[in-house]
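Have the sequence and the 3D view ready, and take your time with each stop.

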Amino acid sequence: MTVETITADLKDKLNLDSAPQQDDTQETAAAPATSAAKKNKKKKKAASAAAPADGETKEDKPEAEDAEGDDDDEDEEEGGNGTETTTVKKKKKKSNKKKKKVAQTEPPTIAVSKMFTNKIYPEGELCDYKEENLWRTTNEEKRALEREKFDQYNEVRRAAEVHRQVRQYARRTIKPGMSMIDIVEMIENGTRNLVEANGFESGIGFPTGCSLNHCAAHYTPNTGDKTVLEYGDVCKIDFGVHVNGRIIDSAFTLTFDPVYDNLLTAVREATNTGIKEAGIDVRLCDIGASIQEVMESYEVEIEGKTHQVKCIRNLNGHSIDPYKIHGGKSVPIVDNGDETKMEEGEYFAIETFGSTGRGFVHEDMETSHYARVYDVQHVPLRLPKAKSLLATINRGVWHSAILQALSGPHW
């Protein structure tokens, strides 16, 4: 409502003079958000309300309401805090929610590819090169070649992460009173779930071993085996995982009687020594000598009798080729004089076997590990069942029942 719309008769009745009109105009222009300004605006509203009675047309009334409505909007915006004249804008709160990490279940069922959504898997423990090979860590050409092999290494790390998670669960879960078949099935089911077993693309690397006591290695319970794990047993769990043929071969020993603690320490320290000594251009016999020195420095007391821990000299570690668990080179755990060297690009399993006995093993018990011969020539099969079994093997659909039915011992 402006002063110009007020008639002369209205001015006389309201006794308005020019001075108050100027004050009102100034208040409207300055628009201070004060209590005095609000009171003056109320007076103006009262004056405008009386105008229609003295001849103001109905068409002017909506304009006055609009004008007053605009003033009210300004009052609300400008008088929000009583002093500020700038418009206060509400700020949107930024969500600081972080993506929750996928936790593994018990028993393990979530594939590691779903836990590592970027498909980059952890490196694990790294060992530095020895002095003569330190240049490999700084040479730009070697560093570039290492980066080119990232995809291959990443596949190996995926298999290793599967092995680590299944291994940790097995350590927590295996207890005396469990049957050996239940133990094997638990490990192999966890492996299949976590690696997303799919024939030659990913799956179990080889039959799960769970050798007990005097049996040093390569025992898997066959169908009908009712062996149960006992408190006083020494159990060697050995299982593998593969991704696109890159096999992770790793084992650990479980005991429940503390009398065997020193035996476990001897084997663990010998294994760590072998890993540290391994490397490009290292002679295999030198690795064996280092392992033997550490292993045979330990003693174990059992039933009042002290036993020196001995290396089982006819069991070894080995190289690993794609889809081939034994690649052709053996890594001794004693100094056997083999001067064959490790070469760049090769994969090895450093395996150590400690014993309180003679330190020598022989073949015994029933066979449970089998494998297909890699370089065998074509042999015609006549039995339909044999053809069907071979076709299944060739598709890479491996599990314990099939592996135990194959012909030709693996070890």
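Which residues does His 307 touch, not counting residues up to four places away in sequence? The list is Tyr 298, Glu 299, Val 300, Ile 302 and Thr 356. His 307 itself sits in strand E6, which covers residues 305-308. Is His 307 buried or exposed? Its relative accessibility is 19%, so His 307 counts as buried, since the cut-off for buried is under 20%.

**The overall picture**

Keep in mind that this is a predicted model. The mean pLDDT of the protein is 80, and 72% of its residues reach 70 or more. Over residues 1-86 the pLDDT is below 50, and this stretch has 36 contacts in the model beyond near neighbours in sequence. Residues 399-411 also have a pLDDT under 50, and the model gives them 38 contacts beyond four places in sequence.

The protein has twelve helices and eleven strands. It contains 411 residues, and 34% of them count as buried. Now take the contacts between residues at least 6 apart in sequence: 68% of these join residues at least 24 apart. The accessible surface comes to about 25900 Å², and carbon and sulfur atoms account for 50% of that.

**Two pairs of packed helices**

Two packed helices are described by the angle between their axes and the distance between the axes. Here are two pairs to find in the view.

| Helix pair | Angle between axes | Distance between axes |
|---|---|---|
| H9 (residues 261-277) and H10 (residues 284-295) | about 155 degrees | 8 Å |
| H7 (residues 150-173) and H8 | about 145 degrees | 9 Å |

How are H9 and H10 oriented to each other, roughly parallel or roughly antiparallel? They are roughly antiparallel, because angles over 145 degrees count that way. The crossing of H9 and H10 is right-handed. On the H9 side, the residues making the contact include Ala 266, Ala 270 and Gly 274, while Ile 287, Ile 291 and Val 294 are among those from H10.

H7 also passes H8 in a right-handed crossing. The residues in this contact include Gln 165, Val 166 and Tyr 169 of H7, along with Ile 187, Gly 190 and Leu 194 of H8.

Let's stay with Gly 190 for a moment. This glycine lies in helix H8, residues 180-195. With a relative accessible area of 4%, Gly 190 is buried. Leaving aside residues up to four places away in sequence, Gly 190 touches Pro 108 and Val 166. Gln 165 is 25 residues from Gly 190 along the chain, and their C-alpha atoms are separated by 8.8 Å.

**Some backbone details in the loops**

Most residues other than glycine have a negative phi, and most peptide bonds are trans. Where can you find a cis peptide bond? Look at the bond from Glu 106 to Pro 107, where omega is near 0 degrees. Pro 107 lies in the loop between helix H4 (60-78) and helix H5 (112-115).

Next come two residues with a positive phi. Asn 213 has a phi near 55 degrees and lies in the loop between strand E2 (209-212) and strand E3 (234-243). Its relative accessible area is 37%, so Asn 213 is partly exposed. Glu 303 has a positive phi of about 55 degrees although it is not a glycine. You will find Glu 303 in the loop between strand E5 (299-302) and E6. Its relative accessibility is 81%, so Glu 303 counts as exposed.

Definitions and conventions: Residues numbered from 1 in each chain as written. Predicted model: local features only at pLDDT ≥ 70, side-chain atom pairs only at ≥ 80, totals over all residues. Heavy atoms only, no water. Helix = DSSP H or I, 4+ residues; strand = E, 2+ residues; numbered from the N terminus. Buried < 20%, exposed > 50% of the residue type's maximum accessible area, 1.4 Å probe, protein only. Contact = heavy atoms within 4.5 Å. pLDDT = per-residue confidence, 0-100. Areas by Shrake-Rupley, 256 points an atom, 1.4 Å probe, with all protein chains shown as cover. Axes fitted to C-alpha atoms, helices over the stretch in contact; angles between N-to-C directions. Parallel < 35°, antiparallel > 145°, perpendicular 65-115°, else oblique. Left-handed = near helix turned anticlockwise from the far one by under 90°.
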